[in-house]
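Look through the sequence and the model below.

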Amino acid sequence: MPRKSGVTDEMIIKLYKSGTPFKEMKSITGLTDRGIHYVLNKHKVKPIREKGSGQPRKHKVNEDFFKVWTHEMAWILGMFVTDGTVSSKTHSINFSQKDERILKLIAKYMNADYVLTPFGKTKQTPSLIINSLEIKQDLEKMRITANKSLTLPFPPVPKEFMPSFIRGVIDGDGYVSRFGYTMNVTSGSELFANSLLQVFQNWGFNSYINKQLTPNGNNIYRVCINGKENLAVLSDIIYKYAKVDDFHIYKRVYMSQHSKNPYLVEDTRDPKAWEIVDGKIIHVFNNPKQSIKTTISKQLIDSLKEISKQNKTFINSLVEPVIEEIIKNEIDYTIRKNLKPTDRIEFRTTFNSEVALKMKELVKRYNLLLNDFLEYCMEQTIIKLNK
């Protein structure tokens, strides 16, 4: 059996010393028992099995972690129910996160060995593995089991720890728009989505569920909160018990930017997504222009072409200021939502990156189509220029 790509001797030794069962090591590494033993013997790794037990040493972890409610436990549980997995074959659980800093913090809070599963051709996201039958059973008591995505229930979270749990849910599978106007959490479980909706409504938010059908025929449910004032209030609630770094930094920055107490921290990534200027978050756009491709009524395009020719300019230069005005003043642009012109043709143009991003966030927030919104903006541009 060939060793899987990217699996080193050091990884195999680390898995063995962490107490990973041989059955799971075989699945992770692609090696047979004999192959694993060869690597261990080659590096003169001492056996860690207790004499006569036949079982490897347990993976270092606080096995009582999910027995006692704390804000750290609630945060980690929130991430796990949305972005973690329970193994159906072994006594292990996995946390997957693009931000490896979060995985290291989970391991620290759970007093667990920091063991990542090897990367492969189809697996590029870091994944922390924790081996513990006790922890797996504690999660099962909360009905969090293998293949949970479509049937996941909402755990019995005490009211005191709900803000930290919701912070974990958003960190696990939540989306926060760059400009802080919308937040949504995606779930394949209708039961979980309805319970999450109830939490948000109990907190006073006008939350709703957007139901969509995936290509494979399953339903997904997006629990949404819109409005910069609402997101500012939500940030005050869910980050109340957060420590210095137990959250996704960019989500907190985006969510709290309209709050009286925004979370101000420099973006250390390259390229940067924001800068702090005079105590405010200023978004950075590395590409000043963004391409837009959609279908638009030919009649509208022809009318704007004639107007732009008369004014010696281009269609995007005429429409862009109107788009900004409509977004800023929240003008009722939904009037075209149910209008479907039969003369639509392909339309390509470019807009200022910030305008384009705000426009895309807006149509997503209100479940509109980009061409519906653009056609409305074009109509308003023609009306304005013909006055």
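Contact here means heavy atoms within 4.5 Å. This is a predicted model, in which local features need pLDDT of at least 70 and side-chain atom pairs count only at pLDDT 80 or more, while totals for chains, interfaces and linings use all residues. Residues are numbered from 1 along each chain as its sequence is written, and side-chain values use heavy atoms, with hydrogens and water left out. Helices (H or I, at least four residues) and strands (E, at least two) are DSSP runs, numbered from the N terminus.

Start with helix α6, residues 133-141. Its buried residues are Ile135, Lys136, Asp138 and Leu139. Buried means under 20% relative accessible area, exposed over 50%, and partly exposed in between (1.4 Å probe, protein chains only). These four residues of α6 lie on the same side of the helix, because they cover an arc of only 160 degrees around the axis. The arc is that of the directions from the helix axis to the C-beta atoms. Among the elements that cover them are α4, β1 (84-86), β2 (92-96) and β3 (127-131). At the start of α6, a side-chain oxygen of Ser132 comes to within 3.4 Å of the backbone nitrogen of Glu134. This is a polar contact: a pair of N or O atoms within 3.5 Å; within protein, one must be able to donate a hydrogen and the other to accept it, and residues adjacent in sequence count only if both atoms are side-chain atoms. After α6 comes Arg143, with a positive phi near 65 degrees.

Pro126 sits in the loop between α5 (100-109) and β3. Pro126 is buried, with a relative accessible area of 9%.

Now turn to the cores. A nonpolar core is a set of buried Ala, Val, Leu, Ile, Met, Phe, Trp, Tyr and Cys residues joined through side-chain atoms within 4.5 Å. The largest one has 63 residues, and Ile76, Phe95, Met110, Phe165, Ile166 and Met183 have the most contacts inside it. Helix α4 (residues 71-83) gives the largest share of this core, eight residues. A second, separate core has 28 residues, including Val322, Leu362, Leu370 and Ile382.

Beyond its neighbours within four places in sequence, Met183 touches Ile170, Tyr175, Val176, Phe200, Val223, Cys224, Ile225, Leu231, Leu234 and Met255.

The sheet is open and has four strands in the order β4-β5-β7-β6, with antiparallel pairing. Two strands pair if DSSP finds at least two bridges between them. Twist averages 25 degrees from one strand to the next. Helix α8 (residues 190-202) packs on this sheet and touches β5, β6 and β7; its direction makes about 10 degrees with that of β7. Axes are lines fitted to C-alpha atoms, for helices over the stretch in contact, and angles run from 0 to 180 degrees between N-to-C directions.

How enclosed is β5? Six of the six residues of β5 are buried, so this strand is largely enclosed by the rest of the structure. Thr182, Asn184 and Thr186 point one way, and Met183, Val185 and Ser187 the other. Three bridges join β5 to β4, and Tyr175 has Asn184 as its bridge partner. Five residues lie between the strands in this hairpin, where Gly180 has a positive phi near 75 degrees. On the β7 side (residues 219-226), pairing runs over six bridges. There Asn184 stands opposite Cys224, and Val185 opposite Val223.
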